[in-house]
Amino acid sequence: MRVGLVGDILTEGRPGVSFAKILQEYYPHITFDNLGKPGETIKSLHERLIKTPIAFDYDLIFLWIGVNDVYSKLLSVQAQPVTKDLDEFREVFQKVVEIVLHFAKQVVIVSPAFAGENVNSTPNSDLKDLHETIQSISSNYPQVHLLDLYTLFKKHLGQVKGSGYLNTNVLRVMVDTLFYKNPKRIDRLSMKRGLHFTLDGIHFNSKGAKLVAEEYAKMIDRLS
């Protein structure tokens, strides 16, 4: 079985702990191709798939994109283009889904989880709109399935005392990437910042990565 993981830096797995590596440990007999790219937005992913088509046919592709369409607007530097409004996001997202469908028997669309661990923040309100849009698009295709990480993490974050920490300093993200590679060090910094599932409000610590890997695994078991 061959599985493609299409997405942004959360799929690539740096900074923070990589859920994809945990997933590979769960299924050593499955070939996983990590097609995640740092900073990717829905527009930049669409451009990438046009310029560099997916190289293989997959039994299953996970498509996880969208958090940078909210998060990158908070940064001082925007590396990739973002959609101007929800209508454009819907239009481009649908184009991406249709491209990916050409290369997979089945596709799992993964909803963006959160932008900061404060579920009541403005970024997470914006992310809710993207989640609802993605949910609507996923229902239009019989071979497309939805993995709802937005609702899952909203439930988990509602059960803990969340920190308002959300790193929007690009240099700080780079420092975390360079100097925090060991999961134990990542988890200690996460705890110091008052976070439960992430290193910095976006990128996962061990607990967050394991939770994502477990949800991906459930979909693989269901669809294989």
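Is Glu91 buried, exposed or partly exposed? In this predicted model, I find Glu91 to be partly exposed, because its relative accessibility is 45%. I looked up its partner: Glu91 forms a salt bridge with Lys95, with the closest N and O atoms 3.5 Å apart. Both residues belong to helix H5 (residues 86–101) and are 4 residues apart, about one turn of the helix. Lys95 is also partly exposed, at 36%.

I then turned to the other salt bridges, of which the structure holds 12 in total. Asp176 and Arg193 pair through their side chains at 3.2 Å, N to O. Asp176 lies in helix H8 (residues 170–179) and Arg193 in the loop between helix H9 (183–192) and H10, so this pair ties together parts 17 residues apart in sequence. Asp176 is buried at 0% relative accessibility, and Arg193 is buried at 12%.

Within helix H10, Lys218 and Glu215 are 3 residues apart, and their side chains meet at 3.0 Å, N to O. Here I note that Lys218 is exposed at 51%, whereas Glu215 is buried at 13%.

Next I looked up the largest nonpolar core, which has 71 residues; Phe62 and Trp64 are among those touching the most other members. Helix H10 contributes the largest share, 9 residues. Beyond its sequence neighbours within four places, Phe62 contacts residues including Val3, Val108, Leu147 and Tyr216.

Lastly, I checked Ser111, in the loop between strand S4 (104–110) and helix H6 (122–138). Ser111 is buried, at 0% relative accessible area. A polar atom of its side chain lies 3.1 Å from the backbone nitrogen of Leu149.

How values were computed. Residues are numbered from 1 along each chain as its sequence is written. This is a predicted model: local features need pLDDT of at least 70, side-chain atom pairs count only at pLDDT 80 or more; totals for chains, interfaces and linings use all residues. Side-chain values use heavy atoms; hydrogens and water are left out. A nonpolar core is a set of buried Ala, Val, Leu, Ile, Met, Phe, Trp, Tyr and Cys residues joined through side-chain atoms within 4.5 Å. Buried means under 20% relative accessible area, exposed over 50%, partly exposed in between (1.4 Å probe, protein chains only). Helices (H or I, at least four residues) and strands (E, at least two) are DSSP runs, numbered from the N terminus. Contact means heavy atoms within 4.5 Å. A polar contact is a pair of N or O atoms within 3.5 Å; within protein, one must be able to donate a hydrogen and the other to accept it, and residues adjacent in sequence count only if both atoms are side-chain atoms. A salt bridge is a side-chain nitrogen of Lys or Arg within 4 Å of a carboxyl oxygen of Asp or Glu.
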